[in-house]
Amino acid sequence: MILRLSQRLAKKLKEGSLPSMPLDDNPYADWSAHLFTVGRTQYIIVSNTRWLYSVVLYGRGITNFSDFITDVMGILHDFMEDDGQAFVYQRFIAPGSGNIQLAKSLNRSVTGSMNELIRVAQVCLQDGNTSPYQVGFRLNDVLLSALASGNAPYGKPNEAFKKLADECR
């Protein structure tokens, strides 16, 4: 499993300079993470690098890689179960969590799409009435040009992610 950290998140976790790595062959085993703030509160967005299927969690209290991976795997498990993707988590994500490699962001396309998702998350979180967990469901329903397929100029992360999951069953 590859976890791609933004420079800002790598600094928070005290990971230093990270290597470049190609996209993992397993589409479920490559995730990108970025740190952002709303007001004075830190949040972390974790997105599947290929389909941008995302979750958001609080950044407070996460100061090292061990804390980070524990929280990320926990929220991925809970979120995917609530989103009807428990099979994908159990079959393709959990087994790879024992061998995690850190890398820097893949490319500008992924970074740019994640920045779009962060802007949506910031708007959702500003009112204080929406939890980071709930924001994940909103983000996975956002239209993104990076997920365009066929004649459709845009795609949604949840649809792209679920389409592949259905093919794998």
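How many helices and strands does the secondary structure of the chain come to? The secondary structure comes to six helices and five strands, where helices (H or I, at least four residues) and strands (E, at least two) are DSSP runs numbered from the N terminus. This is a predicted model, in which local features need pLDDT of at least 70 and side-chain atom pairs count only at pLDDT 80 or more, while totals for chains, interfaces and linings use all residues. Residues are numbered from 1 along each chain as its sequence is written, and side-chain values use heavy atoms, with hydrogens and water left out.

**View 1. Strand β2 and its surroundings.** Seven of the nine residues of β2 (residues 30-38) are buried, so this strand is largely enclosed by the rest of the structure; buried means under 20% relative accessible area, with a 1.4 Å probe and protein chains only.

**View 2. Pairing of β1 with β2.** Strand β1 (residues 2-5) runs parallel to β2, and four bridges join them; two strands pair if DSSP finds at least two bridges between them. Leu 3 has Trp 31 in β2 as its bridge partner.

**View 3. Pairing of β2 with β3.** Eight bridges join β2 to strand β3 (residues 41-48), and the two run antiparallel. Within this pairing, Ala 33 stands opposite Val 46 in β3. The two strands form a hairpin with two residues between them, and Gly 39 in the turn has a positive phi of about 65 degrees.

Notes
Buried < 20%, exposed > 50% of the residue type's maximum accessible area, 1.4 Å probe, protein only.
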